[in-house]
Amino acid sequence: MIDNEIRCQVAIVGAGPAGLILAHMLHLQGIDTVVVERQSESHVRARIRAGVVEQTTVDLLTEIGLADRLHREALVHDGFYIRFDRTTHHLDFHRHLGRHAFVYGQTELVADLIDARRATARPLYFDADDVSLGEIDTDHPTVEFTHDGSRTRIAADFVAGCDGFHGVCRQVVDPTAIRVMDRSYPFAWLGILARTTPVTDEGMYCAHPDGLSVHSMRGPELTRQYLQVPADTDLADWSDERIWTELRRRSAADDHPELETGEIIERSLAPLRSVVTDPMQQGSLFLLGDAAHIVPPTGAKGLNLAVSDACVLSHALGTWYALADRSALDAYSATALPRIWQAQAFSWNLTTTLHRLGEGEFDWQLRRARLQRWTSSADEERALGEVYLGLPFPTSWQPELVSA
Ligand code: RFL
Ligand code: PHB
């Protein structure tokens with residue numbers, strides 16, 4: 001039984017980066033949205049995820065007025081370090097491209113986005129249970145959810161599926177009309193947040209014959225670090241001492257002091273996988289971000305791809321509402337996918353070079369040869385930097401459409 005009916009132009013499922021940025025970009029164009037999120041506000045605000053934001057993403061956030069705190073608080077990096085054979089190398093992308101990468105926790109960004117949504121006074125429902133979609137093959141799709149015991153139906157023109165890899169939106173598409181291409185890896189990342197001083201001034205990937213360790217940061221006394229572990233790892237088997245021993249072993253170097261250890265305040269396990277859905281749309285449903293594609297965290301692309309999808313779809317919806325022209329909506333997937341595949345290729349390159357994939361000396365020597373190229377060739381450095389700092393988005397933010 002339906003207790004309430006709401007009407008809006010675009011129903012957005014999921015209040016992660018994709019959903020909240022899309023909501024804001026549509027708001028700036030005068031397009032009416034309702035955002036529905038399964039988790040509680042406190043859960044979404046506390047969730048620890050990504051940390052590295054491309055210059056391209058920061059440029060867009062700045063243009064749409066969402067980067068004030070980011071510019072005050074983010075760490076501004078020129079590139080990252082790679083360590084192998086106990087030696088540390090800096091890849092300096094800024095010197096080639098004049099652009100930066102920004103370290104700003106996704107947790108902080110999502111808090112900024114929720115605050116921006118609240119400031120618009122447009123609807124944002126947390127704790128939405130039993131979210132379901134209907135009539136996506138028509139021009140009057142619906143989204144239903146239960147909130148505070150009552151069932152609400154949103155009648156919309158379009159639905160934006162921004163509910164991540166485990167959401168409902170990617171499950172309602174017709175599997176015979178959409179291809180899902182994927183690759184899974186036999187390992188996962190064990191991630192920690194720790195009260196320690198970063199060992200280097202920018203993030204570092206340590207390629208060790210026994211597996212990758214990643215040493216990133218969130219501030220001068222807060223580090224985010226990861227260990228490659230087998231996919232079937234049980235977190236309960238990893239004591240603090242075991243984590244520190246392994247992080248220290250894989251990051252041991254002759255040119256830097258040993259890694260500092262300290263209090264671990266959060267730990268998590270993330271499986272690695274690559275997924276691309278093609279097309280990323282069916283009827284009036286459009287998939288964005290992790291709902292449409294997953295990249296392994298090596299290379300830090302996932303959040304940035306979610307933002308680029310939001311940029312493409314907001315442009316297409318803006319064109320539809322301002323000019324009654326559906327061509328950009330029809331071309332949404334074709335416009336977004338080439339950049340997504342560039343990020344997949346980049347993440348694949350980093351993942352297969354930095355992780356231990358197979359047994360034996362051949363595997364390690366092959367990876368070592370690639371690492372030697374990356375750290376000795378200015379051309380390789382520049383090519384990696386072009387993608388790491390962010391390829392241009394497929395569409396620009398075009399607020400002039402608002403007044404068209
Ligand atoms: P999200 O962030 O998963 O948000 C989806 C939202 O939808 C909600 N939801 C539902 N809502 C309503 N109804 C339902 N049935 C729902 N089901 C789910 C969820 O609660 C959630 O709020 O997807 P979005 O917006 O597409 O954003 C994607 C990013 O979160 C993700 O790609 C990144 O975190 C990936 N990632 C990184 N990306 C980067 O760009 N830079 C990085 O440095 C980086 N590091 C990482 C990462 C991901 C990691 N893990 C956890 C896999 C490091 C790690 C370890
Ligand atoms: C992070 O800071 O969380 C981070 C850094 C590098 C990655 C992924 C995540 O490749």
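**Entry 1: ligand 1**

I began with the backbone of Arg38, of which an N or O atom lies 3.2 Å from a nitrogen atom of ligand 1; I took a polar contact as a pair of N or O atoms within 3.5 Å. I noted that the model is predicted, that local features need pLDDT of at least 70 and side-chain atom pairs pLDDT 80 or more, and that totals for chains, interfaces and linings use all residues. Residues are numbered from 1 along each chain as its sequence is written, chains are lettered from A and ligands numbered from 1 in written order, and side-chain values use heavy atoms, without hydrogens and water.

A polar side-chain atom of Glu37 lies 2.6 Å from one oxygen atom, and a backbone N or O atom of Leu303 is 2.8 Å from an oxygen atom. Taken alone, ligand 1 exposes 1,000 Å², of which the protein buries 90% (Shrake-Rupley method, 1.4 Å probe).

I recorded α1 (17-28) and α9 as the elements that give two or more residues to the shell; helices are DSSP runs of H or I with at least four residues, and strands are runs of E with at least two. Helix α9 supplies the largest share, four residues. Of the 33 residues around ligand 1, I listed Glu37, Arg47, Gln106, Asp290 and Leu303 as coming nearest (a residue is near if one of its heavy atoms lies within 4 Å).

**Entry 2: Lys301**

I located Lys301 in the loop between β21 (293-294) and α9 (302-323). Lys301 is buried, with a relative accessible area of 2%; buried means under 20%, exposed over 50%, and partly exposed in between (1.4 Å probe, protein chains only). Beyond its neighbours within four places in sequence, Lys301 is in contact with residues including Glu54, Phe346 and Tyr388 (heavy atoms within 4.5 Å).

**Entry 3: aromatic pairs**

I found twelve aromatic pairs in the structure. Rings of Phe, Tyr and Trp (its six-membered ring) pair if their centres lie within 6.5 Å; planes under 30 degrees apart are stacked, over 60 edge-to-face, and the rest tilted. Tyr185 and Phe187 form a tilted pair, 5.8 Å centre to centre with 40° between the planes. Both Tyr185 and Phe187 are buried.

Tyr185 also forms a tilted pair with Trp348, at 6.1 Å and 45°. That pair links distant parts of the chain, strand β14 (residues 179-195) and helix α11 (residues 332-354), with the partners 163 residues apart. Tyr185 has a relative accessible area of 9%, whereas Trp348 is partly exposed at 37%.

Notes. A polar contact is a pair of N or O atoms within 3.5 Å; within protein, one must be able to donate a hydrogen and the other to accept it, and residues adjacent in sequence count only if both atoms are side-chain atoms.
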